[in-house]
Amino acid sequence: MPYPMALALTLLVEVPLYTAALTRAGSVRPARAAAAAVLVNLATHPLLWWFLGHGAARSTGSAAAYWTAFGLGEAAVCAVEAALLRPLAGTGLRGPLPWAASGTANAASVLAGLLASGRW
C-alpha cells in the first residue's frame, strides 16, 4: 500500500476513535480531540512506516523478524501517542484514558490496514 493511502486509512480509522474517547471524558472539546488525534499520528506514523520499510527487520528478509519489529513498533507508537495526548488534548486527561484510547485506536487501524492490504 502506498504511504499516502496508509496514512489516510490510519487517520480515517483513528481520528474518530480518539475523538469519541477523549470527548467522552468530558474535559476535551471535539475539535481539540480531533486535532490531537491528527497530531499524534503525524508524529508517529511516518517514523513507524520508515522503520518497517527500511529497518533491520526488513533487510534480513525474515518474516519472523518483520512481525517482531512490527509488534514492537506498534507498542512504541501506542506509548508515544498516549504520552503526547495529555499535553495536546489538555490537562483534563487523567488515569488510563490516554493509554486505552491509544491502544484501541492503533489496534483498529492495524486491523484495517491488514484487511485493506489483503494480509488478513
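**Entry: ground rules.** I note that this is a predicted model, that local features need pLDDT of at least 70 and side-chain atom pairs pLDDT 80 or more, while totals for chains, interfaces and linings use all residues. Residues are numbered from 1 along each chain as its sequence is written, and side-chain values use heavy atoms, with hydrogens and water left out.

**Entry: the whole chain.** I found five helices and zero strands in the protein chain. Helices (H or I, at least four residues) and strands (E, at least two) are DSSP runs, numbered from the N terminus. The pattern along the sequence reads α-α-α-α-α.

I then looked up the dimensions. The C-alpha trace spans about 45 × 25 × 20 Å along its principal axes.

Of the 120 residues, 38% count as buried. Buried means under 20% relative accessible area, exposed over 50%, and partly exposed in between (1.4 Å probe, protein chains only).

**Entry: the cores.** In soluble globular proteins, nonpolar side chains tend to be buried together. I looked for such groups here. A nonpolar core is a set of buried Ala, Val, Leu, Ile, Met, Phe, Trp, Tyr and Cys residues joined through side-chain atoms within 4.5 Å.

The largest nonpolar core has 13 residues, and Tyr 18, Leu 22, Val 28, Leu 85, Ala 89 and Leu 93 touch the most other members. Helix H1 (3-24), helix H2 (30-54), helix H4 (63-89) and helix H5 (97-117) each give two or more residues to this core. H2 supplies the largest share, four residues.

I checked Leu 93 next. Leaving aside neighbours within four places in sequence, Leu 93 is in contact with Leu 22, Ser 27, Val 28, Leu 85, Arg 86 and Pro 98. Apart from this core lies another of eight residues, including Leu 48, Val 77, Val 110 and Leu 114.

**Entry: residues in H5.** Is Ser 102 buried or exposed? Ser 102 counts as buried because its relative accessibility is 0%. This serine is found in helix H5. Not counting residues up to four places away in sequence, Ser 102 touches Tyr 18, Val 77, Cys 78, Glu 81 and Ala 82.

Val 110 is also in helix H5. With residues up to four places away in sequence not counted, I found Val 110 touching Phe 70 and Glu 74. Val 110 and Trp 49 are 61 residues apart in sequence and 12 Å apart in space, C-alpha to C-alpha.

Gly 113 lies in helix H5 too. Leaving aside neighbours within four places in sequence, I found Gly 113 in contact with Met 1 and Leu 9.

**Entry: residues in H1.** I looked up Leu 7, which is found in helix H1. At 16% relative accessibility, Leu 7 counts as buried. Its contacts, neighbours within four places in sequence left aside, are with Leu 42 and His 45. The C-alpha atoms of Leu 7 and Ser 109 are 102 residues apart along the chain and separated by 10.0 Å.

Thr 19 has its place in helix H1 as well. Thr 19 counts as buried, with 15% relative accessibility. Not counting residues up to four places away in sequence, Thr 19 touches Pro 30, Ala 33 and Ala 34.

**Entry: residues in H2.** Ala 31 lies in helix H2. With a relative accessible area of 61%, Ala 31 is exposed. I read a C-alpha separation of 9.6 Å between Ala 31 and Ala 89, which are 58 residues apart along the chain.

Trp 49 is in helix H2 and counts as partly exposed, at 36% relative accessibility.

Notes
Contact means heavy atoms within 4.5 Å.
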